[in-house]
Structure formats: structure tokens, C-alpha cells
Amino acid sequence: MDLQLPPGKIWQQLASHFQTLSDVSLQDYFAAEPDRGQRLAIEFGPLYLDYSKNHINQQTLDLLLELCNECQLDQHIADLFSGSVINNSEQRAARHTALRNPEYLTDTVFKQQLQTEKRRIIQLHEALANGQIAGFSNKAIKTLVNIGVGGSDIGPRLIVNALRTTSDEPAVHFISNLDSHDATKVLAAADPETTLFIVASKSFTTLETRQNFQRAQDWLLAGGCPATALEQHFVAATARPQAALAAGINSDRIFSFDTSIGGRYSIWSIAGLTAMLAIGPRQYDEFLQGAAALDTHFVNSDPGTNMPVILALLDIWYRNFFNTAARAVVPYEQRLADLPAYLTQLFMESNGKSVSRDGQSLSWQTGGVIFGGTGTTVQHSFFQSLHQGTTLIPVDFLVASQGDSDHAALFASCVAQARALMLGTTDNSLPAHQVCHGNRPSNLLLYENLTPYVLGMLLALYEQRAFVQACLWNINPFDQWGVELGKQIAGDLQDKLTGTQKMADADDDLGDDSSTRRLLQHYRHNKNQK
Ligand code: F6P
């Protein structure tokens, strides 16, 4: 196979080296290296990464590590942390790391905004806890509903579901989808008199969020809220406070963050307001501290002992040499059920790109598919394909090393799956349909237990891993222009469906292609029959 690789001597050396490994299996590596499991591991604080079940030998690692020099990874990391304008297509810095440790920056305005907003959030949290925030009928707020989508939804949702119990107060819910069933279901269980909506949107223009904001207002009005009291039920978290003000949110209830914080990197910012209020400022601080600790590890460790760097290099190895299209992420922890979706956005919106930082078309593969679900549940769905399918899908397993008395079964299941993927079946008498050939790679990430600190570390670990991938592929991970076209066409088509344009016969110009035209005609036809 002719590999399409980024330019550079080391990439070519890796290509030659890759050919020499084709006959070596994971089983062979383990048989030949009794200490492999200890050697190919990194421990940092409560995290322990075992990356021994990968198709690598020492030479592979040495060459992959050389790639870091070839792409000047050190300089890229320095530029990220110092707040340089690295998001060149939007002429912005990407300052999310400064949200967990402001000392990386010298920008006093940025730091002051952080301090001010932090104080205001502590006050809001206290006022909520003391029952001082009331709805239109003067009853204290009991339910928070986050309205947001993408980074303004998945991150806060992940934290709330990971770190709260269902009996914690206030109750917290999320509305995200444009589909009205989402809002309808959430609001059916809420009381208009005691519900506070947090409208989270960096841009404050996103269709889903604007629409759900409107639905929330309609629901409040229908529930007896006078129009003049609507503002008591809304808080905004945004990088465009003027837009929130124009939409009718009271200025005292608008919390803002800097435009240099990307949507999928915004859980550390005010965009995570619902999470901050839900778990409280103290736990939220621990979450930030965990991320800051991981950043320190990332900045200061040699590449060979650097968790995000090693993980990114392995991703590159599979994507660009084995030509794998996907990676599965499987936390054996129900509280991390939202992690795969969070990582899907993080990796696919960051690194699903086909032009270089300077706008040249790329001939090599970049970010593939990231998907997953929680173990053990997904053992009963896509694991069949992981074990016996024709596509090689590397896996990230995550599991706590500590737990309650039931935890042994969960822990054993996780480690067993990694071992089974590596080893395969060993009974030679099995019929072909029962044979697992093994030789399938995985990483296993242990964490002591799921605290706010550990969650912060995990999310920062994946963030920095995505960043290193982007540096090696020479792409900008901080923009997402690809999402714009579909939004624009949807707007045009909606105008054609609901606007004043006359569309009486079957041949009218609903769309420029026959498929779109036909589909829209179906909608109109069905609508007219009602
Ligand atoms: O459509 C993509 C996107 O811009 C994401 O990057 C972002 O997380 C999401 O939409 C929501 O954007 P906003 O916070 O501006 O509403």
C-alpha cells in the first residue's frame, strides 16, 4: 500500500519501519518481553496508562518520538500556553488552558474578567442555595435547565451526570435538540414557578439554542408567568453579552467569557455555568485543578513519559500507517456515560480537517471517527465487531482502580476485554465462526476513582492529545468551518418551506437538485393534507 504521509524524513523512516512489523503480533511482543506490561506504562498522580497492548517496539516509539522534534512540538505547546494567535483562520488565540491556570498568561484584562465572573458565580450559587433566587410567584428556584448545544451542552452535561447524585439539589436538566420533543420531555417534569434556565451559548446566535430559549419563554408564559417577570427565570452564559441583552436577559444575569475560548474547549469557562452551579464552586475548582495538573505534566514531561503525547503518537501510528478509520472509547463507569459523546465533538470537530494550517489541501489522513459507550453495556453491541470484524478499531478502555464491593466484576470485565482483544482465542479446535484472532490493540487508562480532580485530568488529557495530533498533522484544531454550510442551506430551505414564496406545483424551485426538491415537496404535500 502506498502511504500518503506528511513531508519529513521521520515519516518516511516510520513507513519503512512499519513494513518490518507486519508479521509481528501483539502476542509475540508479550512473549518476547516479559516486562512489557511494566515498561510501556506511565503513572502520573491518580492516573496510570498501560499502552503495552499496541503494535509498537522500541524502535517504533523512538521514531514516533522523533516526529515531535520534526514538527517542533515544543514550540507549538509554548504557543498554545502563552496565548499566541494559533487559531489562524479566525485570528484568535486558544486560551482555554489559562482558565485552569491563569498564570500562563500575562493578559491582566483576561485575568480580571475571570476573577470578576468567578466572584459573581459564587454569589449566584450561594443565593440559589439559600433560596434567595425566586421565580415569578416568589417561590425559590428548585430546578436548573441548561439550554445549549455542542460545547455549551455536552461538557456541563458530562460533569453533572458524572459528579452529582440524582437526589442533589437543585435538580438539573438539559435541553439541546432543535427537535421540540427534547424540550417537551424536560419541561413536562418541571414547574414554571421554580425553574431557572441557563442559556449557554458562546455566540448567542445558535439556532437550536435560540429556538429552545423561545420555547422556554412560551412555556413560562403558559404556566402563568407574567411577561414582565420572565427575566427572573433566565441567566445567560456567553461570549457575546450584548446579544444576550438584546434577547431580553437582564444584565445582572449575564455571565461572560472571552471569545478566545472555543466551544468544545469551553467547559472550563462560564459556558460551564450550569456545571459550576450544580456541583458548587469548591468541587468545580478541584475539577480545574485536575486539568491544571495534567497541563503541568504535559508542558514539563519528556515526550517519552508524557501521557497526552504518547497517546497522540499511537493515534498517528494507527491512523496514518495502519489506515484505521475509527477509535472506540469505552469507560467502564456509568457516570462517564457522556464521555464518548464529549470526545466525539472534541476530536471530530477539532481534527476532522483536510487543509493544513496555511490552507493547503492535505494528502494524508487526519482525525477519524471517535465513538463509544460505557462498559459493560457496549460489550453487548459493538464489541462483536471489535473482536471479529474485518476493520481494525483500536480501543481506549478507562476504569477506576478503586470502587465498592461490586467493583471487582466491572474491573475484571474491562481488563478481560483488553486481554481478549490482544490474545484472541487459544483453543485450536474451535470452529471458524468462534475464533477470535486477537492481535487487536488497546490502551487501558486507570484512575483511582472518579473525583472532580480526576475528571479534570481526564478531559485535559484528551484535549492535549487532540492538540498533539493536530500539530503532527499540521492542522488548526480550533476552528470548525465545516459546520457552517449545512446551517446555511437549512436556513435557505426553511425559508422556502415556511416563507411567503409561492410554491404551488410540483416543479417549483424548492431546491437546486432533484433530490432536495422532491424531499421538500413531500414535506409540503404532507403538511397541506393536515
Ligand atoms: O456548530 C458548531 C458549534 O459552533 C460548536 O463548535 C459549538 O460548541 C456549538 O456550535 C454551540 O455554539 P454556541 O455556544 O455558540 O451556541
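**A walk through the predicted fold**

Ile-56 sits in the loop that runs between strand S2 (47-50) and helix H4 (58-70); helices (H or I, at least four residues) and strands (E, at least two) are DSSP runs, numbered from the N terminus. This is a predicted model, in which local features need pLDDT of at least 70 and side-chain atom pairs count only at pLDDT 80 or more, while totals for chains, interfaces and linings use all residues. Residues are numbered from 1 along each chain as its sequence is written, and side-chain values use heavy atoms, with hydrogens and water left out.

Back to Ile-56: at 1% relative accessibility, Ile-56 counts as buried (buried means under 20% relative accessible area, exposed over 50%, partly exposed in between, with a 1.4 Å probe and protein chains only). Setting aside neighbours within four places in sequence, Ile-56 is in contact with Tyr-29, Arg-36, Leu-40, Tyr-51, Leu-61, Leu-314 and Trp-317, where contact means heavy atoms within 4.5 Å. Leu-497, on the other hand, is 441 residues from Ile-56 in sequence and 55 Å from Ile-56 in space, C-alpha to C-alpha.

Now for the chain as a whole. The chain has 20 helices and 11 strands. A compact globule of 530 residues would have a radius of gyration near 24 Å, and the chain, with 25 Å, agrees with that (the radius is taken over C-alpha atoms, and the globule rule is 2.2 Å times the number of residues to the power 0.38). Along its principal axes, the C-alpha trace spans about 75 × 60 × 50 Å. Of the 530 residues, 51% count as buried. Among contacts between residues at least 6 apart in sequence, 72% join residues at least 24 apart.

As for charge, the chain carries 39 positive and 54 negative charges, and their mean positions are 5 Å apart. In that count Lys and Arg are positive and Asp and Glu negative, with His and the chain ends not counted; the place of a charge is NZ of Lys, CZ of Arg, CG of Asp or CD of Glu.

Some of these charges pair up. The structure holds 23 salt bridges, each a side-chain nitrogen of Lys or Arg within 4 Å of a carboxyl oxygen of Asp or Glu. One of them joins Glu-33 to Arg-36, with the closest N and O atoms 3.2 Å apart. Glu-33 is buried at 16% relative accessible area, and Arg-36, at 0%, counts as buried too. Another salt bridge brings together the side chains of Asp-285 and Lys-118 (3.4 Å, N to O). Asp-285 lies in helix H13 (residues 281-300) and Lys-118 in helix H7 (residues 108-129), so the pair ties together parts that are 167 residues apart in sequence.

Asp-315 is buried, and so is Arg-327. Elsewhere, salt bridges that share partners join Glu-33, Asp-35, Arg-36 and Arg-39 into one network.

Thr-143 lies in strand S3 (residues 143-147) and is buried, with a relative accessible area of 10%. Not counting residues up to four places away in sequence, Thr-143 touches Pro-170, Ala-171, His-173, Thr-194, Thr-195 and Leu-196. Ser-176 is found in the loop between strand S4 (171-175) and helix H9 (180-188), and Ser-176 is buried, with a relative accessible area of 10%. Beyond its neighbours within four places in sequence, Ser-176 has contacts that include Gly-148, Asp-153, Arg-157 and Glu-208.

Arg-357 also sits in a loop, the one between helix H15 (339-351) and strand S9 (369-372), and at 23% relative accessibility Arg-357 counts as partly exposed. Arg-357 and Trp-473 are 116 residues apart along the chain, yet their C-alpha atoms are separated by 9.3 Å. Leaving aside neighbours within four places in sequence, the contacts of Arg-357 include His-76, Asn-88, Cys-471 and Asn-474.
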